Amino acid sequence: MSDKYDVIVIGAGPGGYVAAIKAAQLGLKTACVESWSSEDNKQVLGGTCLNVGCIPSKALLEISHKFEEASHDYEMQGIIAKDVKIDLAKMMERKSGIVKQLTGGIAGLFKANGVTSIHGHGKLLANRKVEVTDKDGKSQTYEAENVIIATGSKPIEIPPAPFDGDYIVDSEGALEFTEVPKRLGVIGAGVIGLELGSVWARLGSEVTVLEAQDTFLPAVDQQVAKDALKQFQKQGLNIVMGARMTGAEIKRKLVNVSYEDSKGKQEAKFDKLIVAVGRRPYTDNLLSEDSGVQMDERGFIFVDDNCKTEAPGVWAVGDVVRGPMLAHKASEEGVMVAERIAGHKPQVNYDCIPNVIYTAPEVAWVGKTEEQLKAEGEEYNVGTFPFAANGRAMAANSASGLVKIIADAKTDRILGFHVVGPQASEIVAQGVIAMEFGSSAEDLALTCFAHPTLSESVHEAALAVAGGAIHIANRRKKK
Ligand code: FAD
Ligand code: AMP
């Protein structure tokens, strides 16, 4: 038995590393255990998000978007860029450089804040003891007043298409292709499938996305989802709805995929197949039998609204617990738990967590969709404004999509804020702030927005809620 800590965090992704830094800032003696190793056996911090998730995917999305613009959209704007080519190796090098810089930054933050970093696999034993086993199998046990589990998630592997790491890959493999696949199959039209499909489509792949459900992006407001689907299809993404993949076989350097849709059994051939059917909580070899921590029926660690597990002094945050699998949700929970351990009583406002799909157009939203409100029988008003009527969007050659604001019919309080279009990921922050402050649509309508900006569409959508938009004919929608 060695040092005793106030807090031991297991996992150094955005849930764990943020919790550890916050706990240390609050004066708690804190250690963070992370098992991820680089090829030269050095500890890697940052988890899925920094290493194989948010950051590398956004690096590839940004670069591939620039490539597509230069290849297709420059000429009509008077820019002559002949023979635009992609140097895939260099693109990957840049992506890896960004990842390295950011993950190295966390090591620096740990040092600056006095967080002890422990390299190895952590296992929670009874009474908040954590056994850490290194690569060579050597174990050491630490003790803590509080343990925060932040072990994240892993891609789901489905029996019809086991990953082989070369032809049939998960999201991690899809960030590492060494050539642009001619024909690329993607299973699952969720956030990850659409983002990664977009990257490779922009680089020249013929992309087919097979999605088992009949509704495109069912969690997204359907007016927004339909607008996005139209634009993805216009870009050449072949999205097949109601298509359940039933098998995948690698034959003569091709993946032969069988699937079923409304017309019956179908087949398709791809050079590579990305399986993006969701992620599962990662708890492998994490809990001893007497740890006292319970799981729910889907394998998530069971926690209450404040991320407390059933075991006293043990907390869990991020992808390993219920709720959306998002980096910023994980970090919010990490901060809340650190604060709670230090004796404060903050809460995460789960109603104000934004969601973003970083395709082009981007799709972003916070709060409720019209479909949810209808199902709940709520009375609401809707204001929308299309980017087609926004001067800045036109100037930027990205005048498609819309902003949609849904407000309570009686109180005018904003209930939902939805964007499909340019920089939706940035614009949605305005909705998050408005909702966090409990503002009404009228509050936004009475706010002065700079001209010309994409955000003027937020202003106009807010005005439209009461039928007062200036730059579009008002078609106030009341429910
Ligand atoms: P993770 O980031 O998964 O970190 C868990 C860490 O725990 C890992 O480093 C793991 O090695 C370590 N660990 C696990 N078990 C142990 C153990 N027993 N002992 C020691 N260490 C252990 N989210 C967004 O919000 N925005 C995005 O744009 C976005 N894009 C994504 C793109 C892709 C391709 C993917 C795959 C995910 C994306 N996500 C995005 C989701 C986001 O990455 C996750 O929600 C986030 O990383 C969850 O954080 P976490 O701290 O809970 O877990
Ligand atoms: P997400 O959970 O947002 O990452 O999305 C994953 C998507 O994959 C969901 O929309 C599922 O409906 C879809 N999916 C799961 N299994 C299959 C399958 N066998 N064939 C096609 N789509 C699938």
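I began at ligand 1: one of its oxygen atoms lies 2.8 Å from a backbone N or O atom of alanine 327. The model is predicted, so I note that local features need pLDDT of at least 70, side-chain atom pairs count only at pLDDT 80 or more, and totals for chains, interfaces and linings use all residues. Residues are numbered from 1 along each chain as written, and side-chain values use heavy atoms, without hydrogens and water.

I looked up threonine 48 next. An N or O atom in its side chain is 2.6 Å from an oxygen atom of ligand 1. The protein covers 95% of the 1,000 Å² of accessible area that ligand 1 has on its own (Shrake-Rupley method, 1.4 Å probe). I found 39 residues around ligand 1, and Glu34 and Lys58 are among those that come nearest (a heavy atom within 4 Å). Helix α2 (47–52) gives the most to this shell, four residues (helices are DSSP runs of H or I, at least four residues).

Then I checked the largest nonpolar core. It has 38 residues, and Trp200 and Ile274 are among those with the most contacts inside it. Such a core joins buried Ala, Val, Leu, Ile, Met, Phe, Trp, Tyr and Cys residues through side-chain atoms within 4.5 Å; buried means under 20% relative accessible area (1.4 Å probe, protein chains only). Helix α7 supplies the largest share, five residues.

Last, I turned to helix α13 (456–465). Ten of its ten residues are buried, so the rest of the structure largely encloses it. Its cover includes β20 (380–386) and α11 (424–436). Just after α13, I noted glycine 467 with a positive phi of about 75 degrees.

Note on methods:
Chains are lettered from A and ligands numbered from 1 in the order in which they are written. Buried means under 20% relative accessible area, exposed over 50%, partly exposed in between (1.4 Å probe, protein chains only). Helices (H or I, at least four residues) and strands (E, at least two) are DSSP runs, numbered from the N terminus. Contact means heavy atoms within 4.5 Å. A polar contact is a pair of N or O atoms within 3.5 Å; within protein, one must be able to donate a hydrogen and the other to accept it, and residues adjacent in sequence count only if both atoms are side-chain atoms.
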